[in-house]
Amino acid sequence: MSNLPDVYYNKDSDSFAFSTARVRWIKIIQDTIDDVIQTSEKSSNPDFQKEGEAIASQLKGLKSDVENDGAVKPFDDSSIKAFASFNKVLKGQSYTWLTGPWLFLENYLYRIINSFFVEKSLWFNYDIFDNLKRSSFESSVDGVTELAIRYYQLTETSQKLDDETKQILFNEFAEISLWGNATDLSLLATATLDDIKSIQGAEARKKSEANILTNDLKQAWESLSSNTNEHKRVDFVLDNAGFEVYTDLIFALFLLDTGIANEIVFHTKDIPWMVSDVNIKDFYILLQDLKNTKLFNKSRKELDHLINKIEYYNNNGTLNLRTSPFWTLDLDFWNIDPSETQFGGSKVHKDLLDSSLVIFKGDMNYRKLTGDRRWDSTTPFTKSIGSLASNGLKILALRTIKADVLVGLPEGVYDQVSDEWAKSNESRLGWLSSGKYAVISFSNGEN
Ligand code: F6P
Ligand code: MG
């Protein structure tokens, strides 16, 4: 496609990129330094401490590079595939941290942080975001319990639901999974327990419905329910651990219980990523936490019912988890295409072709679907996702808005929301990074 709009850059003062690179990234790197120092201090192994010191010093160097708008250097070792993808872009470019392309650099940041760990023999699989992920889930007790009760009430009858009721519940569970994304640790690093609770309850979800600025759930439902394949698989390209993946699980269980799908695949990240993203081990930690009767001491009957269901589906092969290094590259999702044979895009495409619906969760996945470009907000979703609109994948994006890129809106809505927001907020476009608005967009893969 010619004449593509430009991507967002960290130098763009009209974009959330600007403060992200200057404030949020600095805080996130500082938090990783503090975590490494504290973890080292707790250990009695001098070798572990020594490696910890080395990592902390590398992280400090990175922080200083970002703060001082240093040059973005390629990885030393291009024989590692994931690094080669970044290096390919960096070759012949002279990006700096505070001016370069936002999407590329944000992915590069988490990749380079991880590279400091994987090269150390005693820290190679340390999850630098584990503490944050776990403590945040521990603050989600009320929301988690409420959803377990809701799921319990519904599952006794779910086998016999008529199509109309199934569709209503499909919408409800999809929206629960959508707003589950609002609890994102990279944005809510400073949120209080009450802040988190206020976005996790049923009442909050109802209120938020008006904030879904475009909603293609009807098309997604029609596509899935009219699909006559004997085997119907629904995929989730997951985003965050903890409360969000819990809401995804509830949606997945509903799909399996009702026979709307007979297989679910969860795609996780392969390394600690964007602070809160799910790794496979986080799924098992979640199950352990749910079983913890000290943490969850109320509504045990409902919680145990839910845990049994998850384990049942996981053990009998209908709820599967897998990961691919592709999800933690710089590459946007226009690369999920048979033509991308170098870094795994064609493999991911081939895998997803077996799916009746691929659900992309969250903000970063949406930015990668749309290439993080300056599209006009009324651009059709199918135009913004490039060849993905026509290469056979049925795609549903469930995204709470935390960044500038936005498509698929009816004429006038962008300005209307901006005007409304400006009445009670300083920055007219602040709603774009607030996580209070959302979009649900569908593409049938045959445009
Ligand atoms: O775009 C804003 C942002 O906070 C990014 O820094 C990060 O890409 C993303 O949102 C994280 O959100 P999510 O977990 O929904 O992908
Ligand atoms: Mg995330």
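A salt bridge is defined here as a side-chain nitrogen of Lys or Arg within 4 Å of a carboxyl oxygen of Asp or Glu. By this rule, 29 salt bridges are counted. The structure is a predicted model, in which local features need pLDDT of at least 70 and side-chain atom pairs count only at pLDDT 80 or more, while totals for chains, interfaces and linings use all residues. Residues are numbered from 1 along each chain as its sequence is written, and side-chain values use heavy atoms, with hydrogens and water left out.

Lys-281 takes part in a salt bridge with Asp-130, with 3.3 Å between the closest N and O atoms. This pair links distant parts of the chain, 151 residues apart: Lys-281 lies in helix H12 (residues 280–291) and Asp-130 in helix H5 (residues 130–138). Helices are DSSP runs (H or I, at least four residues), numbered from the N terminus. A salt bridge also joins Lys-281 to Asp-282, where the closest N and O atoms are 2.6 Å apart. Both contacts belong to a network of salt bridges linking Asp-127, Asp-130, Lys-133, Lys-281 and Asp-282.

Accessibility was classed as buried (under 20% relative accessible area), exposed (over 50%) or partly exposed (in between), with a 1.4 Å probe and protein chains only. Lys-281 is partly exposed at 33% relative accessibility, whereas Asp-130 is buried at 18%. Asp-282 is likewise buried, at 7%.

A further salt bridge is formed by the side chains of Lys-11 and Asp-12, at 4.0 Å from N to O. Lys-11 is partly exposed, with a relative accessible area of 46%, and Asp-12 is buried at 12%.

Terms used
Chains are lettered from A and ligands numbered from 1 in the order in which they are written. Helices (H or I, at least four residues) and strands (E, at least two) are DSSP runs, numbered from the N terminus.
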